[in-house]
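Open your viewer, switch to a cartoon view and keep the selection tool handy. We will go from stop to stop together.

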Amino acid sequence: MSTTATWTVTGMTCGHCVTAVTEEVSQVPGVTAVDVDLASGGLTVTSDAPVDEAAVRAAVEEAGYEVADR
Ligand SMILES: [Cu+2]
């Protein structure tokens with residue numbers, strides 16, 4: 001059974017940013033789908049098991065952006 005978790009990413013300005021975040025977060029272990037909404041900064045991560053938030057944050061930062069505190 002898959003689970004989803006959402007965060008808000010700051011600093012994205014265009015489709016390239018969306019692609020960069022999607023590619024990095026897709027590499028987090030267990031992640032099966034990533035959806036990024038440029039307008040809202042919404043990041044929705046689907047995974048087989050609850051995903052490691054620290055890994056998601058690290059992936060977003062690796063792409064060059066930040067996860068907003070929630
Ligand atoms: Cu961009």
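Helices (H or I, at least four residues) and strands (E, at least two) are DSSP runs, numbered from the N terminus. This is a predicted model, where local features need pLDDT of at least 70, side-chain atom pairs count only at pLDDT 80 or more, and totals for chains, interfaces and linings use all residues. Residues are numbered from 1 along each chain as its sequence is written, and side-chain values use heavy atoms, with hydrogens and water left out.

Stop 1: You will find an open sheet of four, in the order 2-3-1-4, with antiparallel pairing (two strands pair if DSSP finds at least two bridges between them). At the edges lie strand 2 (31-37) and strand 4 (66-67), each pairing on one side only. Next, highlight strand 1 (residues 3-10), which is joined to strand 4 by two bridges in the antiparallel sense. Val9 stands opposite Val67 in strand 4.

**Stop 2: helix 1.** Now select residues 15-26. This is helix 1, which packs on the sheet and touches strand 1, strand 2 and strand 3 (42-47); here contact means heavy atoms within 4.5 Å. The direction of helix 1 makes about 160° with that of strand 2 (axes are lines fitted to C-alpha atoms, for helices over the stretch in contact, and angles run from 0 to 180 degrees between N-to-C directions).

Stop 3: Are the two cysteines buried or exposed? Cys14 counts as partly exposed because its relative accessibility is 32%, while Cys17, at 5%, is buried. Buried means under 20% relative accessible area, exposed over 50%, and partly exposed in between (1.4 Å probe, protein chains only).

**Stop 4: helix 2.** Colour Val56, Ala59, Val60 and Ala63, the buried residues of helix 2. Look down the axis of helix 2: these residues fall within an arc of 100°, so they line one face (the arc is that of the directions from the helix axis to the C-beta atoms). They pack against strand 1, helix 1, strand 3 and strand 4.

**Last stop: Ala63.** Zoom in on Ala63, which has its place in helix 2. Leaving aside neighbours within four places in sequence, Ala63 is in contact with Ala20, Val21 and Glu24. Finally, pick the C-alpha atoms of Ala63 and Cys17: the two residues are 46 apart in sequence and 8.1 Å apart in space.
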